[in-house]
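The sequence and the model come first, and my entries follow below.

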Amino acid sequence: MIYRPVKCGGSGHASRLILHCEAVSLETLAERFGTPLYVYSANIIRERTRTFDAAFSKAPHTVCYSVKANSNLGILRLLAGMKCGFDVVSGGELERVLRVDRKLARRVVFSGVGKTPDEMQTALKANILLFNVESESELHSLAKCAARAKKTARIALRVNPDVPAETHPYIATGLHQHKFGVPIADAVRLYAQAAQAEHLNIAGVSVHIGSQITDVRPFAAAMERVAELVRKLRAQGHAITYVDAGGGLGIGYGDGEQGNFSRQAASYAEAVLAPLRGLDVHLLLEPGRCIVGPSGVLLTRVLYRKANNGKKFLVVDAAMNDLLRPSLYGAYHEIVPVCTSQSASRETVDVVGPICESGDFLARDRELPPAQEGDLLAILDTGAYGMALSSNYNTRPRPAEILVDRKSVKVIRRRESTQDLLRLES
Ligand code: LLP
């Protein structure tokens, strides 16, 4: 446990337990940088990246971290240092990776259903590893862009395997009713078309069935279908070097549910690798959440306690604009006090933000140790899709982001000011 309570302030009654990130007190960080505040542990990210990578050690592979989960340059730099590649879904995300190091382009895969010609040009110029093409129209558009740029685009078609996976409906992607990929039944015809285009180079097959999937069987089912397609395509003379397995491995968000990541990664790896055995492909993996999710906490301070007809609320200084997951997906994030008293008592509260929407909550009907105005709370497992999904709704400046590496503390994004928000308007 890198986030853990540490006894502070002498012995006996005077001592308190204060939650730390690595060697740094979260109370000190909140005092120094204010709240709401995102804090990430560099060593959790390193450890999970190493564990994930090791699970695939038997097969040639590249871990292409999914930038959308947390796109902070400080985090991308950390992962680049661990030899990760990157999965991007926009020109903006590509720009972030290139900002870290232009040479990283050779480890970039570009996914997404709506790539614009401008984004394609930039990616072609940077010479990225692979375009994951998601429709027939996109195939034509990319062929045109590549011809115009006198470049060759290495491509994989993202196939939609029509495999159900148990997750929130907004983040399932592998069924025919979803907008993603091309029906696997159309793939052979589309690969034949792609082979005709002078500036397209068929390099692989790609798939992604959704996010926050904790049962590994759907991954295996999708891979079975991909493996069958790879055999068919090779029989028709296409050179399939890469299989991109996408991302999606879920994490535990509940109380102490993080479990054993090396076991989870190993069983995920087995599900993905078993169907591919004997195919001699280079595997690309696009994990996001399982790398950065558990590394982050969102620190928030209680502004007010209130009760409406007996229903108790903690109004805190973080809101749905800082952390959207509870409002958007009904997602559960564990909330713990930063400073723990020894009291065993509990109360049931809604933890809500200052935004003018009833949907602005961080937890509903949650049993928490009684918190007073001014107390600090930590919202756990917010390293993925926390800051990345944040907005300026209600003209709220976004939190700062801090990267802790043992004793070292780095501001990897300063807190926005209202001036920052107004700068683009006239
Ligand atoms: N590859 C592709 C093509 C994706 O669309 C995604 C996620 C990933 C990889 C990374 O998936 P991960 O390993 O992180 O599950 N905002 C939602 C999650 C949306 C995921 C979108 N695509 C949430 O907060 O739960």
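Predicted model: local features only at pLDDT ≥ 70, side-chain atom pairs only at ≥ 80, totals over all residues.

**Entry 1**

**Entry 2: H5 and H6**

I began with a reminder that two packed helices are described by the angle between their axes and the distance between the axes. I then looked up helix H5, which covers residues 117–126, and helix H6, which covers residues 136–149, and I found their axes 10 Å apart at an angle of about 50°. Because angles under 35 degrees count as roughly parallel and 65 to 115 as roughly perpendicular, that angle makes H5 oblique to H6. The crossing of these two helices, H5 and H6, is right-handed.

Which residues in H5 and H6 meet? On the H5 side I wrote down Pro117, Met120, Gln121 and Leu124, and on the H6 side Glu138, Ser141, Leu142, Cys145, Ala146, Arg148 and Ala149. Sorted by class, the contact of H5 with H6 holds 7 nonpolar, 2 polar and 2 charged residues.

**Entry 3: H7 and H8**

I went on to helix H7 (residues 187–196) and helix H8 (residues 217–235), whose axes come within 11 Å and cross at roughly 40°. H7 and H8 are therefore oblique to each other, and H7 passes H8 in a right-handed crossing. From H7 the contact takes in Ala187, Val188 and Tyr191, while H8 brings Leu229, Lys232 and Leu233. When I looked at the classes in the contact of H7 with H8, I counted 5 nonpolar residues, no polar ones and 1 charged.

**Entry 4: H8 and H9**

I stayed with H8 and turned to its packing against helix H9 (residues 261–273), where the angle is about 20° and the axes lie 7 Å apart. H8 and H9 are therefore roughly parallel to each other, and the crossing of H8 and H9 is right-handed. Phe219, Ala220 and Met223 in H8 meet Tyr268, Ala271 and Val272 in H9, and by class this contact of H8 with H9 has 6 nonpolar residues, with no polar and no charged ones.

**Entry 5: around the ligand**

Which of the 18 residues around the ligand come nearest? I listed Ser211, Glu286, Arg325, Tyr329 and Tyr385. For Arg325, I found an N or O atom of the side chain 2.6 Å from an oxygen atom of the ligand. I also checked the backbone, and there an N or O atom of Gly248 lies 2.9 Å from an oxygen atom of the ligand, while for Arg289 a backbone N or O atom lies 2.8 Å from a ligand oxygen atom.

**Entry 6: two backbone details in loops**

Is the peptide bond from Thr35 to Pro36 cis or trans? I found that this bond is cis, with omega near -10°, and that Pro36 sits in the loop between helix H1 (26–33) and strand S4 (37–41).

I then looked at Lys83, which has a positive phi of about 70° although Lys83 is not a glycine. I placed Lys83 in the loop between helix H3 (73–80) and strand S6 (85–88).

Note on methods
Residues numbered from 1 in each chain as written. Heavy atoms only, no water. Axes fitted to C-alpha atoms, helices over the stretch in contact; angles between N-to-C directions. Helix = DSSP H or I, 4+ residues; strand = E, 2+ residues; numbered from the N terminus. Parallel < 35°, antiparallel > 145°, perpendicular 65-115°, else oblique. Left-handed = near helix turned anticlockwise from the far one by under 90°. Contact = heavy atoms within 4.5 Å. Nonpolar A, V, L, I, M, F, W, Y, C, P; charged D, E, K, R; others polar. Near = heavy atom within 4 Å. Polar contact = N/O pair within 3.5 Å; in protein donor to acceptor, adjacent residues only side chain to side chain.
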